[in-house]
Amino acid sequence: MRTLPEWPPSEEPHDLSREEAQQFMLGVFDLGYGTASGEELAWQDFALCAETDPDIFFPEKGGSTTPATSVCSQCLVQAECLEYALSHDIRHGIWGGMSDNDRRRLSRERRRVSGLGA
Ligand code: SF4
């Protein structure tokens with residue numbers, strides 16, 4: 001059975017710097033820093049980004065998100081990836097075709113619609 005990456009050892013994803021989040025993604029997507037696993041992560045076996053340059057998913061501030069979102073738009077597990085990033089409050093990188101700002105907006109909208117506030 002495959003196991004979750006142990007990196008980072010103690011911090012929650014939302015506490016990570018951009019670089020740390022990138023390392024976390026590399027681990028999650030089994031690009032050399034660890035292995036994905038378990039039912040929650042089974043979708044990652046189909047992650048299209050695992051076949052591309054991982055750097056494009058972490059553009060510099062002001063950089064284009066288009067290369068990454070173009071890959072995501074072709075990815076079979078875009079919805080699962082997005083929900084993973086939202087549920088783990090990952091605040092760096094393109095996940096599920098959305099930037100951190102996009103995901104924050106979506107989370108706010110979901111809270112608003114569900115009556116839990118903005
Ligand atoms: S949606 Fe994008 S970031 Fe998520 S697994 Fe697919 S290609 Fe990777």
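1. Around the ligand there are 14 residues, and among these Ala47, Cys49, Cys72, Cys75 and Cys81 come nearest; a residue is near a molecule if its C-beta atom, placed from the backbone, lies within 6 Å of it. This is a predicted model, in which local features need pLDDT of at least 70 and side-chain atom pairs count only at pLDDT 80 or more, while totals for chains, interfaces and linings use all residues. Residues are numbered from 1 along each chain as its sequence is written.

2. The shell around the ligand holds 11 nonpolar residues, 3 polar ones and no charged ones, where Ala, Val, Leu, Ile, Met, Phe, Trp, Tyr, Cys and Pro count as nonpolar, Asp, Glu, Lys and Arg as charged, and the others, Gly among them, as polar. At least two residues of this shell come from helix H2 (66–73), and at least two from helix H3 (78–87).

3. The chain has 4 helices and 0 strands, helices being DSSP runs of H or I with at least four residues and strands runs of E with at least two, numbered from the N terminus.

4. After H4 comes glycine 115, with a positive phi near 80°.

5. Of the 15 residues of H4, 1 is buried, so this helix lies largely in the open; buried means that 20 or more other C-beta atoms, placed from the backbone, lie within 10 Å of the residue's own. For the chain of 118 residues, 25% count as buried.

How values were computed
A residue is buried if 20 or more other C-beta atoms lie within 10 Å of its own, exposed if 12 or fewer, and partly exposed in between; C-beta atoms are placed from the backbone.
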